[in-house]
Amino acid sequence: MSAILLILLMLMVAVEAQAQITGHVIDAGNGKPVSMASIIYRSNKVAVRADSLGYFKIERHHGWRLTVSAVGYSPKVINIDSKTPANLVVRLKPNSKVLQEVKVSSKKRSKYSRKNNPAVELMKKVIAARKKTDLKNHDYYQYNNYQKIMFGLNDLKLDTLESKLFQRHPWLLNQVEVSSYNNKLILPLSVEEKVTQEIYRRDPHTEKSIIKGETSTGVNDLFQTGDIINQVMAECFTDIDIYEDDIRLFQYPFTSPIGKDAIAFYRYYISDTTMVGTDRCIMLDFTPNNQQDFGFRGRLYVLDDSSYQVKRCELTIPKTTSVNWVENMQSIQEYTKQPNGDWVLTVDDMMVELYLSKLLSKFIVVRTTRHSDYDFTEVPRQLLRGKKKVLKDAYAEMQDDDFWAKYRQVELTKSESSMDSFVKNLQQIKGFKYAIFALRALVENFVDTGTKDHPSKVDIGPINTIVSQNFFDKWRLRASAQTTANLHPHLFLKGYYARGMESNQNYYDAQLTYTFNRPGYLPREFPRKALYVESMRDVMLASDKFIQTDKDNLFTSLKFAEMDKMFLYNRQQLGIDYEMEWGLKLFGNVKTEKLQPIGNLSFTTLHDMANPTTYYEQPKMTGLSHQSMRYTEATVGFRLAPGETFINTKQHRWPLSLDAPVFRLQHTMGFDGVLGGQYRYNFTEGEFYKRFWLPMNWGKFGVRTKFGAQWNQVPYPLLIMPVANLGYVLEDETFNLINNMEFLNDRYISVMADWDLNGKLFNRIPFLKRLKWREFISAKMLWGSLSDKNNPFLAENQSSDVLMMFPEGSHVMDKSRPYWEVSVGIHNIFKLLHVEYIRRLSYNELPTAHKQIVKFTFRASF
C-alpha cells in the first residue's frame with residue numbers, strides 16, 4: 001500500500017511539473033548555486049525569481065524565449081519547446097567585468113562607487129519619497145489582516161519516504177506535499193490561522209488589534225504549553241516593514257534596504273526593467289557591503305515613474321550572516337494601489353528553512369499574510385475605547401466555517417486541512433504516547449495528569465527539584481504540584497512538601513491564587529491580575545532569593561564556596577499583582593516572617609554581648625539555632641516595561657523581547673508590634689534597565705542599574721545583601737564572585753553592563769568564522785555604604801538591643817571604593833553553550849575572596 005501511495009505521490013509531482021518548468025541556476029565554474037537569479041519571458045512580461053539556493057519554478061510556454069540572468073553573470077537565453085526538459089539545470093558563466101564591480105574585499109579593492117551611480121541616485125529618491133506612503137499620514141485607517149503560520153518537516157528525500165516508518169503508516173504520505181516556496185517535499189506538522197482588524201487613529205494616537213478569529217491545529221495540541229511554538233515563531237519571524245529604518249527579524253535588527261542608513265550599508269545595481277502586473281518597474285539588486293552584517297540581499301521593483309513607489313520587494317539573507325539555524329529565508333512583499341491613490345501592502349509572505357543539526361530533521365516555517373479591506377474613513381469611537389492594544393473577540397476561537405470562508409485569503413493546502421486527522425493518526429502509533437509523555441517532561445519540566453480527552457487539571461513538578469542538596473539537609477527530597485485552569489478558571493493551588501535527609505526537617509510551601517481575569521493555563525500568564533496568599537517553611541541561603549530559577553534545582557544547588565550560613569524561613573503573606581496590557585504592573589503584599597539561623601550564624605544582639613548576665617558564649621553552630629527574630633512588613637510598588645512580551649512555560653514566565661526599557665520602584669515598611677513584628681523600618685529600592693542595538697552591527701549593549709536605601713536601624717538580616725550567585729551556572733542580574741552576605745550595606749547602587757558583539761570580531765577570523773562563536777564582555781559594579789546607626793563595630797552602638805554582630809566573613813564596604821568584577825565570554829558554542837571567565841578586581845585582600853572562576857549556562861538563540 002505504501003508503495004502505491006509513494007508512486008501516486010511521485011506521479012502527482014510529475015504531473016504538476018509537466019505544466020511547469022522547475023530549474024536550478026548554478027555557477028558554471030564552481031557549480032555553486034546562484035541565488036536571486038531572474039527568470040524572465042522578456043517578450044511576454046512574465047518573470048519569477050530563483051530562491052537563495054538557485055531553485056525556481058515558471059510556467060511552460062512552447063515557442064517563448066526564457067532569459068536567465070543574475071548580477072555578476074552573463075545572461076543565458078533558452079528556447080522553450082517540447083524537447084525542453086521539465087527540470088532544467090542552468091549554468092551561468094561569470095561576467096568578469098561585472099564581478100569585478102561586485103566583489104567585496106577587506107582590502108578595499110572593490111571598484112563599487114556611490115558617486116555618479118544611477119542605482120544610488122534612484123535609491124536616494126526612493127528613500128526620500130517613502131514618507132509619502134506612510135499610512136500614518138492619515139487621520140484614520142483600518143484593514144483586515146489574515147495570517148497563517150505553518151510549521152513542518154522540510155526537504156524529505158525519497159529514501160525517507162521509502163523508510164519503514166512510512167511503509168507501516170501510509171497515511172504519513174498523505175501528509176507529504178510539495179512546497180510552492182522551495183519546490184521541496186515537506187510534511188506540515190502544525191498550522192495556525194489568525195484574523196485581526198487593525199485600527200489606527202492619529203490624534204489622540206491610538207493603535208489597536210482586534211482578534212476576530214483564531215485557530216491552531218497540529219502537534220501543538222499534544223503539549224499543554226504548545227503555544228510556546230507559536231509565540232516564539234511570531235516573535236522571531238516578525239512582520240517586515242521595509243519603510244522602517246531597522247527591521248526586527250530573528251530577534252536581531254536588520255537594516256532596511258530603503259532605511260535612512262541604507263545607502264551606506266548596501267550596494268545597489270540596476271539590473272533590468274520589467275512588468276509587475278500592469279506596472280512597469282525598474283529592477284534593483286542589492287547586497288550588504290559586509291556579508292556578515294545583519295542585512296538583506298534581494299531585489300526591489302520600483303515604479304518607473306516619478307512616484308518612486310516600491311511595487312514589489314524580494315528579500316533573503318546572505319549565507320554568511322551569523323544567524324543560527326536558518327538555512328534559507330525568503331520574503332516577498334507586494335504593494336497595491338488603492339482607489340484613493342495610496343499604495344498599501346497587500347501581500348507579505350515569508351518562508352524560512354531551518355537546519356538544527358545532522359541528527360535532526362530539517363524544518364520549514366511559512367508565514368502567509370494578506371492585508372485587505374483598507375478603509376481611511378473615521379473609525380467608530382466604540383472601537384477605540386480602552387487602553388488595551390490587543391483585544392480578542394469572545395468567539396474568536398469558536399468561529400465557524402462561514403467565517404473562515406469569508407476571511408481566509410489563502411486556501412489551506414490539503415495537508416493543512418487534514419491536520420486534525422493527522423494528529424489523531426499520530427496518537428495511534430504504538431509507543432507514541434509514551435514518547436510524548438517523556439518529551440513533555442523534558443521540555444516542560446512537569447508531568448501532566450491529563451489525557452487526550454481530559455486535559456490536565458494537576459501538573460506534577462518541577463521534575464528537576466525532586467532531588468537537591470545543601471549543607472544543612474545534605475540531600476533532600478521534594479514533591480511538588482500545581483493546578484491548572486482546567487480544574488478552575490480562577491482559583492489555582494501550588495505547593496510542595498520537602499524532607500531533609502540529615503536534618504530530619506519537614507518543609508512546605510502552599511500558595512492559593514485567585515485571578516480576576518481568565519488565564520489560559522496558569523495564573524502567571526500576561527497580563528497577570530491576581531490575589532494570592534502563601535504559607536511557607538523552608539531553609540535557604542540569603543542569596544537564594546536572588547536567583548531566577550528554583551533554589552532546589554539540582555544544578556543551581558551546587559556551590560563553589562563554603563555554604564555554612566543559612567536561614568529557616570517561616571513565612572505567611574498576602575499579595576496582589578495587577579498588570580496592564582500596555583506594560584504597567586502594580587504590586588503589593590503584606591508579609592510576616594520568622595527567621596532562625598542555621599550553621600555558622602547567630603542572632604546575638606550587641607546588648608547581649610555587652611551584658612555578661614544575659615550573654616554566654618555559644619559554640620559554632622552546625623544545626624538549627626533556638627534563636628529567632630520576626631518582622632512584619634508591607635510592600636507597594638510599580639514596574640513599567642512598555643512593549644514587553646513573554647513566553648509562558650509551566651514553571652516560569654520568561655521575557656521574550658528584551659528591548660523594552662524597564663523601570664521599577666518600590667517601598668517597604670516594617671511594623672513594630674504588628675503580628676509579632678519586632679522592628680520598624682523603611683526600605684526603598686528602584687531599578688532601570690535598557691538594551692541598545694549598536695550601529696553598524698556591533699551587537700547589543702545592555703545596562704541595568706539598581707539602587708536602594710534602608711532608612712532605619714535594623715539587625716543585619718534586614719540590611720541590604722549583595723545579589724550573589726554562588727553556583728557554577730550563570731544567572732542574570734547577579735554578581736558571580738561575591739560571597740554570601742560578604743558586604744552588608746544600608747545604601748547601595750549597582751551597575752551591570754554587558755556587550756554582546758555577536759561575532760563582529762570572530763567573523764573576521766577564518767577558523768572562528770566557521771564556528772559562529774560570539775564574543776561577550778561584561779562589567780559589574782557595586783557601591784555600598786553602611787551608616788553609623790547600623791554599624792555594629794562603632795563604640796556608640798555596643799549597647800544596642802537592635803543591632804546584631806555580623807556573621808563571620810561579612811564586611812563593611814569602603815564608601816569610596818566600589819566592588820568590581822569583569823568577565824569575557826564566548827557564547828554560541830555548539831549553538832547552545834555560553835562560557836564566561838570572571839575576574840574579581842577589588843577587595844581581593846579579604847581572606848574569603850574568590851578571585852576568578854569559569855561559569856557556564858545553556859542558551860539557544862538565533
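Okay, this is a predicted model, so keep that in mind throughout. Let's begin at Trp-654. Is this tryptophan buried, or partly exposed? Trp-654 comes out partly exposed, because its relative accessible area is 32%, which falls between the 20% and 50% cut-offs. You'll find Trp-654 in strand β33, residues 653-655. If you draw a line from Trp-654 to His-488, their C-alpha atoms are separated by 24 Å, and the two are 166 residues apart along the chain.

Which strands supply at least two residues each? That would be β26 (491-500), β27 (506-515), β28 (529-540) and β29 (565-579). The top contributor is β29, with three residues. Take Ile-576, which sits in β29: Ile-576 has a relative accessible area of 35%, so we call it partly exposed.

While you're around those strands, look at the loop between β27 and β28, where Pro-527 is placed. The peptide bond going from Phe-526 into Pro-527 is cis, with omega near -5°. There's also a cis bond from Gly-461 to Pro-462, and omega there is near 10°. Pro-462 is in a loop as well, the one between β23 (458-460) and β24 (467-470).

Staying with backbone geometry, I'd like to show you two positive phi values. Met-741 has phi near 60°, and of course that's a residue other than glycine. Where is Met-741 found? In the loop between β36 (700-710) and β37 (747-756). Despite being in a loop, Met-741 counts as buried, because its relative accessibility is 2%. Then there's Asn-758, also not a glycine, with phi near 55°. Asn-758 lies in the loop between β37 and α14 (766-771), and with a relative accessible area of 5% it is buried.

Let's go inside. How many residues does the largest nonpolar core have? The count is 83, and the residues with the most contacts inside that core are Ile-242, Phe-250, Phe-254 and Phe-296.

Last stop, helix α3, residues 118-129. Why do I say its length checks out? Because twelve residues at 1.5 Å a residue should span 16 Å, and the end C-alpha atoms are 17 Å apart, which agrees. The buried residues in α3 are Ala-119, Val-120, Leu-122, Met-123, Val-126, Ile-127 and Ala-129. When you look at that spacing, remember that an α-helix has 3.6 residues a turn, so residues three or four places apart point the same way. And what do the buried residues of α3 pack against? They pack against α8 (262-265), plus the strands β14 (266-276), β15 (279-288), β16 (297-303) and β17 (310-316).

That's my tour. Happy to go back to any of these spots.

Conventions: Residues numbered from 1 in each chain as written. Predicted model: local features only at pLDDT ≥ 70, side-chain atom pairs only at ≥ 80, totals over all residues. Heavy atoms only, no water. Helix = DSSP H or I, 4+ residues; strand = E, 2+ residues; numbered from the N terminus. Buried < 20%, exposed > 50% of the residue type's maximum accessible area, 1.4 Å probe, protein only. Core = buried A, V, L, I, M, F, W, Y, C linked by side-chain atoms within 4.5 Å. Expected span 1.5 Å × (residues − 1). Contact = heavy atoms within 4.5 Å.
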